[in-house]
Amino acid sequence: MIPRIHNRGANTYGLLAYLYGPGQAEEHTDPHLVASFDGMAPDPGRDPAATLKELQLLLDQPVTAADQDLRPAKHVWHLSVRNAPEDPILSDGDWADIARRMVAATGIDPDDGAGCRWAAVRHAEDHIHIIATLVREDGYKPDLDEDAARAQAEARLLEVAHGLRQLNRGDKTAAKRPTSAERHKAERTGRERTAREELRETVRRAVAGAEDEAEFFDRLGRAGLLIHTNAMPSGDLSGYSVALPDDFNAQGEPVYYSGSTLAPDLSLPRVRLRFGTSHDNDVEAVPPSSASGRSGRRPAPARRRTAEAAWAAILVIDEGGDGAAAAQIMAAGEVLDALAATSAAHTRRELREAAAAFERASRSHVRAERRHSRALRRAARDLVYSGPALGRGEDGAGTAMAIDMLFFLVMATAHWHGRKQHAQQAAAARQAADHLRAAYRNAAGPPLQAASRRGRSLPALVRDRQAAAVREALPQLAEQILAEPGWYALAATLADTEVAGRDPGRLLAQAAARRELGSAESISDVLVWRLRRTAGLPADPTGPHRPTTSARTAAPNPPTQHRRSGRDPGRSV
């Protein structure tokens, strides 16, 4: 249940005309009264003798009778209460109960016998509107302090009372939802999403790995957005607004949204806090000109570096301080945005949904120590400037490796938020993990099938040797692994580690010692990507089996301060 308090107004009749009218897109059906302050208010929707004017005069009577200095300039209060699409359809009696409890909880009509006058109108199956006038029967103004928060708290109780989907309590860090007018406009114009949602995603992608303000605004322009900036007398920018080039208001003017109205962390001051954290002094930054392909960077190495950065980030979230963990979680959102923007068609939709869901999980009231986000922000930048990935070969397998590790990073985020009692963020992270799991299946299928074919073609003596190594390193899980469909892909990977001069038994022992594996959906799948990454093998099991250049040059371990437990994050969380 989502209660929303709208901006106050000064025209009671005008709001009633809208509530009883056809709606902006003819979406209102059978408008009628379900409850009112005295239970006897006229209903222009069901009573042919009742009029909107009669109902307006009745509601406005305390305002008209009040002394001039007690009349608020905007005396019309408006609350809409909407259920989720999957909720059962409630009766008028149920909605009447909801209306009475909402006006009592918010302070409109408390149980003191002298509240404000109000009426609840239903013109759809899934929601009602409550209109009230803001002078009480005793001539005083109502106590509406924190009325929005009180409405949300009452909604959580009403969800239980009426058997509705139970939402998590918020902490005022969520992005603003699209309004009903924005949703109807999107439907009329044939948009899949509202302008607000499209702009939010585009601005998030422009932030991902950006190093300074100029690059951020350049990316917004390249994405085709209209940009308006606000400058202080000194000439410094104080804010910005963006608009879609084909989104206009009734006057034919572009509809601009400020960054802060898209999401709390997309205001210009908050965006600036991210700059300067995407690279260290000893790592060459990727120049913006590389977007044209002159940098020489390719998608596959960028995806491997993403997996390595995510590996280190999980240890920080699990073992580091709150500020460091919050920074890693914030930067993880940038990585997901960058990966979605550069992914192949067969993974793009699920990755886009994962990034959109994780957006809610990336913010909390914990102050991020942003210096800890360098590696992940550098990974996001690498993804942006490495170009679009193919869905096959090393690109496709590298995508699967990155998604596999990002899944564990997102689940570590869900557990961290859960420990902090951040219910909405934890739920959003789990939702993102579901989309990543679906994207992983699409990305990992072809390379794992190819590896499985190679594993089946190995000589029996080689497979027996690999099976013995599994039994020795993972005695409690060995029989489960050997019975999994993915065992043959793991056997091929273990053979590749031998060709690369690595000891398969030792690598498996390290994997077993670092993190538990028993809750993995497929233990063999997890081990394939973990071993290919730690042994420096190409992500593509059908490619050459010598260590990759990035693996030979990149440090495989996380920063020293986070290595004390010796655990590996490539587990199923």
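**View 1. The chain as a whole.** Of the 573 residues in the protein chain, 53% are buried (under 20% relative accessible area, with exposed meaning over 50% and partly exposed in between, for a 1.4 Å probe and protein chains only). The model is predicted: local features need pLDDT of at least 70, side-chain atom pairs count only at pLDDT 80 or more, and totals for chains, interfaces and linings use all residues. Residues are numbered from 1 along each chain as its sequence is written, and side-chain values use heavy atoms, with hydrogens and water left out. The secondary structure comes to 21 helices and eight strands (DSSP runs numbered from the N terminus, helices being H or I of at least four residues and strands E of at least two). Among contacts (heavy atoms within 4.5 Å) between residues at least 6 apart in sequence, 73% join residues at least 24 apart.

**View 2. The five-stranded sheet.** Five strands form an open sheet in the order β1-β3-β5-β4-β2, with antiparallel pairing (two strands pair if DSSP finds at least two bridges between them). Because β1 (2-5) and β2 (32-36) stand at the edges with a single partner strand each, one side of each is left without a neighbour in the sheet. From one strand to the next, the twist averages 20 degrees. Strands β4 (residues 118-122) and β5 (residues 127-133) run antiparallel and are joined by four bridges. Val121 has His129 in β5 as its bridge partner. Helix α2 (residues 52-65) packs on this sheet and touches β4 and β5, its direction making about 30 degrees with that of β5 (axes are lines fitted to C-alpha atoms, for helices over the stretch in contact, and angles run from 0 to 180 degrees between N-to-C directions).

View 3. Leu59 is found in helix α2. Is this residue buried or exposed? Leu59 is buried, with a relative accessible area of 1%. Leaving aside residues up to four places away in sequence, Leu59 touches Thr12, Leu16, Phe37, Arg117, Trp118, Ala119, Ile131 and Thr133. Val135 lies 76 residues from Leu59 along the chain, and their C-alpha atoms are separated by 9.8 Å.

View 4. Strand β7 (residues 237-243) pairs with β8 over two bridges, and Val242 stands opposite Tyr257 in β8.

**View 5. Helices α10 and α13.** The axes of α10 (residues 299-319) and α13 (residues 374-386) come within 9 Å and cross at roughly 165 degrees.

**View 6. Helices α3 and α4.** Helix α3 (residues 92-106) and helix α4 (residues 147-161) have axes that come within 9 Å and cross at roughly 145 degrees. The crossing of α3 with α4 is right-handed. Among the residues that make the contact are Ile98 and Met102 of α3 and Leu157 and Leu158 of α4.

Methods:
A crossing is left-handed if the near helix is turned anticlockwise from the far one by less than a right angle, and right-handed if clockwise.
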